[in-house]
Amino acid sequence: MMEDRASVNPLLCLLLGVIAAVLQSSWVSRVSILGGVPNVILMTVCVWVWFGRSEDGLLFGLSAGFICDALSAAPFGACMTAFAAAALLAGIIDHNVSDGFTAAFFGIVGLATVLYEIIIVIWLWAGGHTVLWGDLILNYIIPSVIINTLGAGLFYLIGTFITLRKQAQKPGIL
Amino acid sequence: MKWKRGPAILIIILCLLAFSWFILDQLGISNPLSDLVSTIIAPLQYSANAISPTPGEISGAFVSEESLREQLRAAEDEIAQLRAQIILLQEAELENESLREQLDYKNTSPSYTLLSAEVIGKDPVGELDYLIIDRGSQDGLQVGMPVVAPEGLIGRVSQVAQASSRIMLITDPSSSVTGIVQSSRSSGLVEGETGHYLVMRYIPQEDTITEGDVVLTSGLGSVFPKGLVIGQIIEVSRQDIDMFQTATLVPSVNLFDLESVMVITNFDSTMLDELEEE
């Protein structure tokens with residue numbers, strides 16, 4: 001099944017990554033639910049890895065992470081490594097465990113969010129930012145994991161729609 | 001899994017670019033890439049921000065007519081009360097002027113030059129409380145300049161690019177401001193907390209502070225001008241065994257829904273030192 005997945009033009013991956021980063025830092029960051037902020041880049045990375053090719057998802061995550069790093073006060077590289085690690089984790093689980101098992105997708109998003117947040121917090125701590133661990137876990141990380149896991153449903157539907165359309169456009173075998 | 005050449009090459013280029021950026025940052029060398037990316041991204045952020053509705057606009061679309069009528073009535077009552085207060089304040093101002101003249105009082109309070117700026121984004125890393133504004137070095141902004149709103153203090157400029165700047169909000173955990181309680185004149189250190197709250201620490205145990213008290217900048221440390229409203233106390237934590245008491249504050253400015261801010265461009269930290277010497 002993995003080999004059947006269509007690849008996307010790498011430059012398009014880069015461009016979409018930049019657009020996602022701009023949206024994340026402008027409009028999406030204003031949406032706060034229970035203290036957490038939905039991470040559209042992370043959800044897109046997971047959907048891309050699930051429905052498409054892992055390297056395309058990784059490239060998208062890295063380009064979005066590059067722009068996020070440029071805009072953020074966090075040490076440079078924090079977002080890139082966090083998105084890359086999340087894409088690799090999603091790819092490993094998708095490749096080895098969850099092929100075709102829909103519920104596993106939501107597990108992947110939850111785990112990818114936890115990994116992403118841990119890496120970001122470690123970068124912030126190493127970069128000299130004040131990290132209030134308990135406060136951060138309770139008031140930001142847990143709400144973010146819940147929001148991303150639930151919100152990924154919408155991204156899953158979009159991914160399903162795009163995949164079905166691509167399959168419909170393919171010429172028949174017979 | 002077999003990787004395709006196109007994405008692999010781009011991934012390597014991106015990683016090399018990021019690595020060189022990281023090294024430049026670590027060496028403290030001025031990074032031309034940073035300015036270039038900020039200059040390209042700032043207009044995109046501005047456009048994305050301009051075409052997208054704010055959370056307030058989204059929730060406003062679902063407000064019932066009855067609720068709007070109630071809000072209008074409440075607003076009218078508030079206007080009436082504020083008008084009465086303005087009259088009283090004008091009287092007090094006139095009295096103040098006359099007393100100043102009688103005492104030949106030297107007006108030492110400096111007047112500040114304000115530069116308005118639009119908020120075009122927030123830090124994409126949610127753990128950090130930073131804003132991105134559409135003014136930069138080409139507008140005369142410098143690192144350390146205080147940022148305010150009509151309701152009070154917002155933060156200070158932490159990084160300046162050519163066409164945009166980054167503002168560290170007072171709610172960021174790395175932010176600290178010396179504050180003073182307006183009523184009791186108790187001083188302490190106001191620090192940011194995750195979840196858009198502030199905590200005022202190191203308030204002497206013997207000082208009386210209560211919920212509802214307003215906290216202002218003290219001007220100590222010369223980072224912020226004196227007398228700006230920081231927030232209001234909502235909870236006081238006092239234990240007999242502690243040397244100090246702690247208060248939780250809600251910021252006077254709604255930092256989450258900010259659309260525009262003002263930067264004090266002529267605040268010189270030495271100005272306060274000179275005043276103190278006088």
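In the predicted model, V215(B) stands opposite G231(B), a residue of strand 10 of chain B. This position belongs to the pairing of strand 9 of chain B with strand 10 (residues 229–237) of chain B, which is antiparallel and extends over three bridges. Strand 9 (residues 214–217) of chain B is also paired with strand 6 (residues 176–181) of chain B, again in the antiparallel sense and over three bridges. In general, the strands of a sheet are paired through backbone hydrogen bonds, in either a parallel or an antiparallel arrangement.

These pairings form part of a closed barrel of six strands in chain B, which runs in the order 6-7-8-11-10-9 with antiparallel pairing. Within this sheet, neighbouring strands are turned against each other by 40° on average, direction ignored. Chain B as a whole contains five helices and 12 strands. Of its 278 residues, 34% count as buried. Among the contacts in chain B between residues at least 6 apart in sequence, 57% join residues at least 24 apart.

The two chains meet through 51 residues of chain A, which are in contact with 44 residues of chain B. On the side of chain A that touches chain B, two or more residues are given by each of helix 1 (10–25), helix 3 (54–71), helix 4 (78–96), helix 5 (102–126) and helix 6 (133–169) of chain A. Helix 3 of chain A gives the most to this side, with 12 residues. Classified by residue type, the side of chain A that touches chain B comprises 31 nonpolar, 16 polar and four charged residues.

The largest nonpolar core has 110 residues. Those with the most contacts inside this core are V45(A), C46(A), F83(A), I154(B) and I230(B). The largest share of the core, 11 residues, is supplied by helix 2 (residues 40–51) of chain A. When residues up to four places away in sequence are not counted, C46(A) touches A90(A), I108(A), V109(A), A112(A) and A152(A). In soluble globular proteins, nonpolar side chains tend to be buried together.

Conventions: Residues are numbered from 1 along each chain as its sequence is written. Chains are lettered from A and ligands numbered from 1 in the order in which they are written. This is a predicted model: local features need pLDDT of at least 70, side-chain atom pairs count only at pLDDT 80 or more; totals for chains, interfaces and linings use all residues. Helices (H or I, at least four residues) and strands (E, at least two) are DSSP runs, numbered from the N terminus. A residue is buried if 20 or more other C-beta atoms lie within 10 Å of its own, exposed if 12 or fewer, and partly exposed in between; C-beta atoms are placed from the backbone. Two residues are in contact if their C-beta atoms, placed from the backbone, lie within 7 Å. Two strands pair if DSSP finds at least two bridges between them. Axes are lines fitted to C-alpha atoms, for helices over the stretch in contact, and angles run from 0 to 180 degrees between N-to-C directions. Ala, Val, Leu, Ile, Met, Phe, Trp, Tyr, Cys and Pro count as nonpolar, Asp, Glu, Lys and Arg as charged, and the others, Gly among them, as polar. A nonpolar core is a set of buried Ala, Val, Leu, Ile, Met, Phe, Trp, Tyr and Cys residues joined through C-beta atoms within 7 Å.
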